[in-house]
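Please look through the sequence and the model shown here before reading on.

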Amino acid sequence: MNDTPRIRTVLSCTLLAVTVTAAASACAGSDDHPLSARAYDAADQLAVSAPGDGTKADPEKPLEVTAKGDDGRITDVTAIDASGHHLAGELTADGQRWRSTAALAAGARYTVRVATEDEDGAPGARTFTFETAPAKRALTATFGPEAGTYGVGQPITADLSLPVKDRQARAVVERALKVRSTPAVEGAWYWVDDKKLHFRPKEYWPAGASVTVTGNLDGLKVGDKLYGGASKALKLTIGDRIEAVADAGSHYMTVRRNGEVINTIPVTTGKPGFSTRNGIKVILGKEYYVRMRGTSIGIAEGSSESYDLPVYYATRVTWSGEYVHAAPWSVGSQGVANVSHGCVGMSTGNAAWFYETVRAGDIVRVVNSYGDTMDTFGNGFGDWNLPWAKWREGSALVEAAGNPVAPTEKARLRPSI
């Protein structure tokens, strides 16, 4: 066997490597190439709009870096705040001026690195820092509910410290309010009014999900002389999927956990003139004892509909007084007829079981009642009664015909039992 061709190939590759290395060495060792020179201090060739005497810059004004004279030009500018956010900007074609195109953050510290070259192509550099003045008005967001474990229907709320009416400003706020869920969900914010937003997924939260809410508003320019402030993050855990369906026609409530029926309970709902609201309601909380009086919702004391009763195992579903609760006085009608003043009543034993089984954020849905549909806002959480397409129209980030934002609906007073 003749190995000569292989040896020649190896020798050729070796010679090629030596040649390339020599060429690279010659390039790197050349003192005449302008790129081989150490970057000079370009401070004297640049003018910057940011104050250099420790005075804080006005965040309402753009940052400008300008080349002095005609013997050099700016090749690149990078401005980064302490949080790592880059400040967008634009450099003129002749390299004589760079100007920020995005708003500066309020109360922020920026590090700016400027690269230049002189008329011979030699590189220059300058690095400087400056701070912006804090906002005179700071917009913050307070998230709800409190940290804890909730049912799959629990909406997220954001209460703003200042009203935001302009749609563009609302879009800025919305982009800064981040909701992250594991597993991930599709969801959207809805502007209930100028100072309140609700967030819900397209479908109920997945059972067992972890949810984190953050408000990345700090220093962010929201609108004219309005900047964001720091907001406390919120973490929630989602429990099992508990759904109770109260059928006012059959007079029974069916309770499911993760899709499996775990109880069927005879109930009574609102009688004619006091019909229970239809639709999806989210449990707001639980009260072991409540004193329920007709006078609190407009029924005259001493009238035929008047009542003043101690009520136990009361699970609240509206702010105006609808509960799922123990009603031992109506046991004979439960499973047979609707005799309450609007609440879902059941025996004390069944009410105690329901009270212990559910938590805030779980779902109670009423069907086949003669009552109106649960309000979307203003009387608890009726968020799920709004179709997803309509819900999306309440976001400032969604383009829709007329961009409607539904007003807050006032709670309709209803009898409490």
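Tyr312 is partly exposed, with a relative accessible area of 36%, where buried means under 20% relative accessible area, exposed over 50%, and partly exposed in between, using a 1.4 Å probe and protein chains only. The model is predicted, so that local features need pLDDT of at least 70 and side-chain atom pairs count only at pLDDT 80 or more, whereas totals for chains, interfaces and linings use all residues. Residues are numbered from 1 along each chain as its sequence is written, and side-chain values use heavy atoms, with hydrogens and water left out.

Together with Tyr288 and Tyr289, Tyr312 makes a nonpolar surface patch of about 320 Å². Patches consist of residues with over 30% relative accessible area and no salt bridge, like charges being joined within 9 Å and nonpolar side chains (Val, Leu, Ile, Met, Phe, Trp, Tyr) within 5 Å; a salt bridge is a side-chain nitrogen of Lys or Arg within 4 Å of a carboxyl oxygen of Asp or Glu. The accessible areas come from the Shrake-Rupley method with a 1.4 Å probe, and for residues only the protein chains shown count as cover.

Tyr312 is found in strand E25; helices (H or I, at least four residues) and strands (E, at least two) are DSSP runs, numbered from the N terminus. Strand E25 (residues 308–316) runs antiparallel to E24, to which eight bridges join it, and two strands count as paired if DSSP finds at least two bridges between them. Within this pairing, Lys286 stands opposite Thr315 in E25.

These strands belong to an open sheet of four, in the order E24-E25-E26-E27, with mixed pairing. Its edge strands are E24 (285–293) and E27 (344–346), each of which pairs on one side only. On average, neighbouring strands of this sheet are turned by 35° against each other, direction ignored. Helix H3 (residues 348–357) lies across E24, E25, strand E26 (323–326) and E27, and runs at about 35° to E25. Contact means heavy atoms within 4.5 Å, while axes are lines fitted to C-alpha atoms, for helices over the stretch in contact, with angles running from 0 to 180 degrees between N-to-C directions.

Elsewhere in the chain, strand E3 (residues 64–67) has a covered face, Val65 and Ala67, and an uncovered one, Glu64 and Thr66. Strand E2 (residues 46–48) is joined to E3 by three bridges in the antiparallel sense, with Ala47 opposite Thr66. Three bridges also pair E3 with strand E6 (residues 97–100), again antiparallel, and there Thr66 stands opposite Arg97.

Most residues other than glycine have a negative phi, and most peptide bonds are trans. Asn258, although not a glycine, has a positive phi of about 50°; Asn258 sits in the loop between strand E21 (252–257) and strand E22 (260–266) and, at 44% relative accessibility, counts as partly exposed. Asn368 likewise has a positive phi, near 60°, and lies in the loop between strand E28 (363–367) and helix H4 (388–393), where Asn368 is exposed with a relative accessible area of 53%.

The peptide bond joining Gly144 and Pro145 is cis, with omega about 5°, and Pro145 has its place in the loop between strand E10 (141–144) and strand E11 (148–150). A cis bond also leads from Thr182 to Pro183, with omega near 0°, Pro183 being found in the loop between strand E13 (177–182) and strand E14 (187–191).
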